[in-house]
Amino acid sequence: MKRLTWLVGICLAAAWGLLGFGEPLFLISGAVGVGLFILGLHRRQELLVQAGFVVLVLTAAVSTLNQGRELALLTSVCASLAAWDLSSYLLMLRFVGDVPEENLTRKRLLRLAGILLGGWGLGFAALASRLELGFSAILLLGLCVVLGLALSIMVLRRHDENSW
C-alpha cells in the first residue's frame with residue numbers, strides 16, 4: 001500500500017512538473033488538479049480524484065493550444081492517467097479487508113505499464129508524423145486517444161475486480 005501511495009505521488013509530481021513546459025500560469029491550474037487528487041485520496045472520495053484527473057488533462061490540452069511542448073504534455077497526461085488509475089485502485093482496496101496478494105498488484109502494474117507505453121508510443125508517433133489536419137480533426141483525435149486510454153484502464157479494472 002505504501003509503495004502504491006508513493007507511486008501515485010511520483011506520477012502526480014511528474015504530471016504537474018511537466019505542465020511547466022507551457023506557460024507558468026498552467027502550473028497553478030495543475031496545482032489545483034493535484035490538490036483535488038490529494039484531497040480525494042485523503043477523504044477517500046473517488047469523485048475528487050476524478051475531478052483532479054480531468055483538471056490535469058484539460059490543463060495539458062489548453063497548454064498545448066498555447067504552444068506548449070507537446071511531448072512533455074503528452075507525458076504529463078500519461079502520468080495523470082497512471083495516477084488516476086493507481087488512486088482508484090487504492091480507493092478500491094479500502095473495501096477489501098485483507099491486503100491483496102503482491103502478485104495481483106504486480107499484474108495490475110504491468111498491465112498499466114503496457115497500456116501507458118502503448119498510448120505514449122502512439123501519441124509520440126502522432127506527434128512525429130506531420131499531417132495537414134484541421135484543428136477540429138486534431139481535437140477529435142486527441143479526445144479519442146484520451147477516451148481510449150481511459151476505457152482500456154476501465155476494462156482492466158473490471159477484469160481485476162472479477163479476479164478477486
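Throughout these views, buried means under 20% relative accessible area, exposed means over 50%, and partly exposed is in between (1.4 Å probe, protein chains only). This is a predicted model, where local features need pLDDT of at least 70, side-chain atom pairs count only at pLDDT 80 or more, and totals for chains, interfaces and linings use all residues. Residues are numbered from 1 along each chain as its sequence is written, and side-chain values use heavy atoms, with hydrogens and water left out.

**View 1. Arg 44, in the loop between H2 and H3.** Helices (H or I, at least four residues) are DSSP runs, as are strands (E, at least two), and the numbering goes from the N terminus. Arg 44 isn't a glycine, yet its phi is positive, at about 60°. Because its relative accessibility is 53%, Arg 44 counts as exposed.

**View 2. The largest pocket and its lining.** A quick word on how it was found: on a 1 Å grid over the protein atoms alone, a pocket is an open set of points with protein on both sides within 12 Å along at least five of seven lines, while a cavity is a set where a 1.4 Å probe fits but cannot get out; lining residues have an atom within 4 Å of a point. Grid points are joined across faces, edges and corners, and a volume is the space filled by probe spheres set on the points. Here that volume is about 1300 Å³. The lining has 29 residues, with Thr 64, Leu 127, Ile 138, Leu 139 and Gly 142 nearest the centre. Helices H3 (46-65), H4 (70-93), H5 (102-128) and H6 (135-162) each put in at least two residues, and H6 gives the most, with nine. Sorted by class, the lining has 22 nonpolar, five polar and two charged residues. In this sorting Ala, Val, Leu, Ile, Met, Phe, Trp, Tyr, Cys and Pro are nonpolar, Asp, Glu, Lys and Arg are charged, and the others, Gly among them, are polar.

**View 3. Gly 142, a residue of helix H6.** Gly 142 has 34% relative accessibility, so it counts as partly exposed.

**View 4. The salt bridge between Asp 85 and Arg 108.** Side chains of opposite charge can pair when their charged atoms come close. The rule used for a salt bridge is a side-chain nitrogen of Lys or Arg within 4 Å of a carboxyl oxygen of Asp or Glu, and the count comes to one. In the Asp 85 and Arg 108 pair, the closest N and O atoms are 2.9 Å apart. The pair links distant parts of the chain, with Asp 85 in helix H4 and Arg 108 in helix H5, 23 residues apart. Both Asp 85 and Arg 108 are buried.

View 5. A search of the whole structure turns up one cavity of 30 Å³ or more. The largest cavity holds about 40 Å³ of space. By class, the cavity lining splits into four nonpolar, no polar and four charged residues.
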